[in-house]
Amino acid sequence: MSLSKQELDEFRAEVHAWFEENAPADPGFLLPISFMEVGTDEQFYFLRDWQRKVYEAGYLGMAWPKEYGGGGKPQILQDIVTREMVRRQVPFMFNTIGLNWAGPLILNMGTEQNKKDYIPGILSGDDVWCQGFSEPDHGSDLGNAQLKAERDGNEFVLNGSKIWTSLGVHAKYMILLARTNAHANNKYEGLSFFLIPMRIPGIEVQPIRKLTGEYGFNQTFFTDARIPESCLIGKEGGGWQVAMATLAFERGAVGGQAGGHSMMSKDVSEVVELARKAQRNGRPAIEDPLIRDQLVQFIMEQRTLALNSARSKVKALVSERPHSIAMSGKLVGSEFQRRLNQFALKLQGANAAYYVGDENAYDRGQWQRSYFNAFSATIGGGTSEIQHNIIGERVLGLPKS
Ligand SMILES: Cc1cc2nc3c(=O)[nH]c(=O)nc-3n(C[C@H](O)[C@H](O)[C@H](O)COP(=O)(O)OP(=O)(O)OC[C@H]3O[C@@H](n4cnc5c(N)ncnc54)[C@H](O)[C@@H]3O)c2cc1C
């Protein structure tokens, strides 16, 4: 269904009005910057209620099939909503793993029953999903995952541990990569992929405290946890292919996500405001020509990122290398955020040493916190080094080192 410019403009106005009226007020406590930092119950309930409200208004999962709770509408409408959320800086859609990678995976590869069972709860936020990929000794080297899933009749018995499980304490379900065959021809063929319930005997989730003092990720321990074979997605031994499909959604290389933003990215305009307040040699930092020069550089980069993201949706522009822009988007976008936050701290000079809660800190110390947290996206979902390798090998066709 193609929509006219007038229809799109009308929809844009409707969305604008809805968020104008319904954007939540400041809750009076610090909200996390992304789904990777949801650490307290009050943050969790606030974000869950907000996601539910957006979904009930029809503004989430708009392009997902109607029979599973989606809107059955053109993707362009969801893109308009997502852009409005980012522009207004409303709180993010916290059930990110469900909305952006487990959900699209289930819609693509799951059974009819999987879709009916899981998709509605992902959209409403009632069923939180987490991801069990990384292990204490295997992060980038995902193909070496060792958590055991041993077949016992029509069940699998899980033993081992996963780490950095974002949203783990709140999750009802996990996407899990586990080793079902320790003697397969190669390490990849021994892996299988599961959609598992988290609240069963034998699964224990232990929160991990971060440098910022926040929580959000966890270590998950499995001790003789039993799951039915119906938890398998894809074939037994075919887990590596399913994991790669999941990562393609996670890294934005393939579309199909429910929509909504998953983190509160900083905008250069906020740094410009900071530069007006912060002092350099007794004058506002923004009066320093070198600072202005760097700000303009950031503005150009931010604009380039936005234009590239729009370009990636125009088929004719990316047909030769379909995933090239999307794949570089995670790498360049996350590194941009890290540098932008770093610059915001440099602007503050010695004041950068204050932290959240200190009345002398600029903007309640939020820059310090967001600087530390800006590293998350450069690591989670594949580190920047790994993204460089993937782009080098799969997009540019360079030889494997
Ligand atoms: C905030 C946050 C949230 C996360 N949430 C989740 C989650 O929900 N679920 C989950 O499963 N995981 C999660 N992770 C884990 C994340 O996916 C891993 O941290 C990441 O894949 C890196 O693995 P590692 O930490 O074991 O580092 P390692 O793999 O040990 O890497 C250490 C360093 O070596 C470099 N390196 C490794 N291999 C290569 C190579 N081949 N070429 C060049 N450089 C290399 C890396 O870039 C890195 O700098 C999260 C991580 C963070 C930071």
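Analyst: The account below begins with the overall chain, then turns to the strands, the ligand shell and individual loop residues.

The model is predicted: local features need pLDDT of at least 70, side-chain atom pairs count only at pLDDT 80 or more, and totals for chains, interfaces and linings use all residues. Residues are numbered from 1 along each chain as its sequence is written.

The secondary structure comes to 13 helices and nine strands, where helices (H or I, at least four residues) and strands (E, at least two) are DSSP runs numbered from the N terminus. The radius of gyration of the chain is 22 Å, close to the 21 Å that the globule rule gives for 401 residues, so the chain is as compact as a globular protein of that length. That radius is taken over C-alpha atoms, and the rule is 2.2 Å times the number of residues to the power 0.38. Along the principal axes, the C-alpha atoms fill a box of roughly 75 × 50 × 50 Å. Buried residues account for 39% of the 401 residues; a residue is buried if 20 or more other C-beta atoms, placed from the backbone, lie within 10 Å of its own, exposed if 12 or fewer, and partly exposed in between. Of the contacts between residues at least 6 apart in sequence, 70% join residues at least 24 apart, a contact being a pair whose C-beta atoms, placed from the backbone, lie within 7 Å.

The chain is divided into domain 1 (5-126), domain 2 (130-250) and domain 3 (268-395), with bounds from an automatic or database domain assignment. Between the C-alpha centres of domain 1 and domain 3 there are 24 Å. Five residues from domain 1 and five residues from domain 3 make up the contact. On the side of domain 1 that touches domain 3 there are three nonpolar, one polar and one charged residues. In this classification Ala, Val, Leu, Ile, Met, Phe, Trp, Tyr, Cys and Pro are nonpolar, Asp, Glu, Lys and Arg are charged, and the others, Gly among them, are polar.

The strand pairing can now be followed from strand to strand. Strand β2 (residues 148-152) runs antiparallel to strand β3 (residues 155-163), and five bridges join the two; strands count as paired if DSSP finds at least two bridges between them. Within this pair, arginine 151 stands opposite phenylalanine 156 in β3. The hairpin of β2 and β3 has two residues between the strands, and glycine 153 takes a positive phi near 65° there. β3 also pairs with strand β7 (residues 217-228), again in the antiparallel sense, over nine bridges. Here lysine 162 stands opposite threonine 220 in β7. β7 in turn is joined by six bridges to strand β6 (residues 203-208), and these two run antiparallel. In that pairing, proline 207 is found opposite asparagine 218 in β7. In a regular strand the side chains alternate between the two faces of the sheet.

The ligand is surrounded by 22 residues, of which the closest are Phe133, Gly139, Ser140, Thr383 and Glu385; a residue counts as near if its C-beta atom, placed from the backbone, lies within 6 Å. The elements β1 (129-132), α12 (376-379) and α13 (384-395) give two or more residues to this shell. By class, the shell holds seven nonpolar, 13 polar and two charged residues. Domain 2 (130-250) and domain 3 (268-395) each contribute at least three residues to it.

Several loop residues complete the picture. Valine 128, in the loop between α5 (112-124) and β1, is buried, with 26 other C-beta atoms within 10 Å. Beyond its neighbours within four places in sequence, valine 128 contacts Asn95, Gly98, Leu167, His170, Ala171 and Lys172. Lysine 187 is in the loop between β4 (173-179) and β5 (191-197) and counts as partly exposed, with 16 C-beta neighbours inside 10 Å. Apart from neighbours within four places in sequence, lysine 187 is in contact with Gly143 and Asn144.

Glutamine 89 lies between α3 (75-88) and α4 (96-109), and is partly exposed with 14 other C-beta atoms within 10 Å. Aspartate 363 lies between α10 (324-347) and α11 (366-373), and is partly exposed with 15 other C-beta atoms within 10 Å.

Key. Two residues are in contact if their C-beta atoms, placed from the backbone, lie within 7 Å.
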